[in-house]
Amino acid sequence: MVRGWLARRSTTLVAFTITFGALALVGSAQVRPAGRDTAVHARKPSRLLIRRAMVIYGNGKPPYGPMDILVQDGVIANIAPSLPVEADAVIDATGKYVMPGLVDTHMHWHEERGGIPMPIQYERNLYLANGVTLTRENGGNFARSKQWQAESAADQIVAPRMQVYWVVARGNGTTEAIRANVREAKTRGADGLKIFGMDRDQLEATMAEAKAQGLKTTTHIAVEEVTAKDFAELGVDSIEHFYGIADAALDGVQHFPAEMNYSNELMRFSRAGELYAQADPAKLEQVLDLMVARKVAWSPTLSIYEASRDVVKAQNLPWYRDYLHPALQAFFEPNLANHGSYFTGWTNTMEVRWKQQYRLWMDALLSFGHKGGVITTGDDAGFIHSLYGFGLVRELELQEEAGFYPLDVIKHGTVNGATLLGMGDKLGRVRQGYLADLLVVNGNPLENLRVLNPYGIDVYKDGRMSRGGGIEWTIKNGIPYHVPTLMKEVKAMVDADRKKAEVRTTNP
Ligand SMILES: [Zn+2]
């Protein structure tokens, strides 16, 4: 999404959030979960031993095990069938699976929704609880995100690793002004550029300066002069969402209805998927071939538009009962003033179109993957009924629906994401010498990707039904985070802010 990062902020909101984040940190340091595990939530041991895990390596190899994994000072030091070593903390992974932490290549950090404050720790906990250990922010409050990035790297906050991209767009003006803006991005420490809404001359200037400055690039292509073809020719590293790809395979320009107003989100989003139906299928294959040849990755964010194909389901996801912050709840109410809340006058016909267009979009994605294209996973949550982290797990499920095997999907979410973000030599695999970003999962994600969702799954055994699944531990940089504890904190934040919201509405 592209407008959330423009939202209002206030100093009171900032102060509120910092206090809440600090409380969450202090409160969580004491927790030692029940069971045989001696690891302590949010405390970094110098030696952490994970015992008897089935291992999903990350790059498509079949699972193997059981194996012991020794983590020393945040690095995977050894993996062997049995490691008779002493450790400060032990996690018993008998019957569990260990896989690399997930990479979210498209997300945004939000301290408010629609002007209502939301503690940043809420979003951090949700991402970690859904297995996300590395994030790429595609536009946000740049200075604050850079500060959090440093704090996360220094193990000072409970949060995933972060990369922070700088937004450059048509509004930056002349090609010289755009080049100056790209140089400023480099000076201020941007990890890359998110390019949005440009004409061809502006794009050429942006890409030339990005190359000169050694900055990575990604893009959200609007329906406009440049398409995926231009971006691939000029060497962009990745393309976000579905935009721009089918556009490059049209006979001429798009033919939306004459009354189309792209600023009206009901109009824009009710027809947004339509370009895949308008595209020439043979030309579309050529565009995909070009992307593969130029090594352009695709971060499709299938999950962020999913409400468009079943809005009633999206409004009633069962985990919203305990975990939907009141700021998000209000923001998701149909309202054209809130980006992505376009369900004002939404019709069955609009939904039916989206269902058909999703299939075309997924077919293009599958073809791209089969040609050798690099696919990553992003959720873009905080808009359109998508909840942070839950959206990323849903992204994995939808990539399976597109036609990929779960093992392939996990590669998209681990190895591919880490490689795109320039960290493939130290993250994304359960490999000796790699940084210890690992998930200890209650179940086998290859059997059911849904086990990664912290809401869990129903388990039927010996004629009895119980709740199961979920990640037990998300380990980032060698620090174990106990997922049920993270989610308990999320619920406490939601409960407290729901009470405040009630006070606000009953005392006008
Ligand atoms: Zn976005």
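Me: Where is the place of Glu397, and how is a helix assigned?
Reply: Glu397 sits in helix H14; helices (H or I, at least four residues) and strands (E, at least two) are DSSP runs, numbered from the N terminus. This is a predicted model, in which local features need pLDDT of at least 70 and side-chain atom pairs count only at pLDDT 80 or more, while totals for chains, interfaces and linings use all residues. Residues are numbered from 1 along each chain as its sequence is written, and side-chain values use heavy atoms, with hydrogens and water left out.

Me: Is Glu397 buried or exposed?
Reply: Buried means under 20% relative accessible area, exposed over 50%, partly exposed in between (1.4 Å probe, protein chains only). Glu397 has 13% relative accessibility, so it counts as buried. Setting aside neighbours within four places in sequence, Glu397 is in contact (heavy atoms within 4.5 Å) with Leu449 and Arg450.

Me: How do the axes of H13 and H14 cross?
Reply: Two packed helices are described by the angle between their axes and the distance between the axes. Axes are lines fitted to C-alpha atoms, for helices over the stretch in contact, and angles run from 0 to 180 degrees between N-to-C directions. For H13 (residues 348-370) and H14 (residues 390-402), the axes come within 9 Å and cross at roughly 85°. That makes H13 roughly perpendicular to H14 (65 to 115 degrees; under 35 is roughly parallel, over 145 roughly antiparallel, the rest oblique).

Me: Which residues of H13 and H14 meet?
Reply: From H13 come Arg359, Met362, Leu365 and Leu366, and from H14 come Leu398, Glu401 and Ala402.

Me: What does Leu102 touch?
Reply: Leu102 is found in strand S6 (residues 102-107) and is buried, with a relative accessible area of 0%. Not counting residues up to four places away in sequence, Leu102 touches Asn130, Gly131, Val132, Thr133, Leu134, Leu392, Leu396, Gly413, Thr414 and Leu439. Leu102 and Gly389 are 287 residues apart in sequence, yet their C-alpha atoms are 9.9 Å apart.

Me: What span should helix H3 have?
Reply: The expected span is 1.5 Å times one less than the number of residues. The 12 residues of H3 (residues 142-153) should therefore span 16 Å, and the end C-alpha atoms are 16 Å apart, which agrees. Among the buried residues of H3 are Phe142 and Trp148. Asp155, which follows H3, has a positive phi, near 60°.

Me: How is the protein divided into domains?
Reply: Domain bounds come from an automatic or database domain assignment. Domain 1 is 6-98 + 429-506 and domain 2 is 101-420. Their C-alpha centres lie 26 Å apart, and 51 residues of domain 1 are in contact with 53 residues of domain 2.
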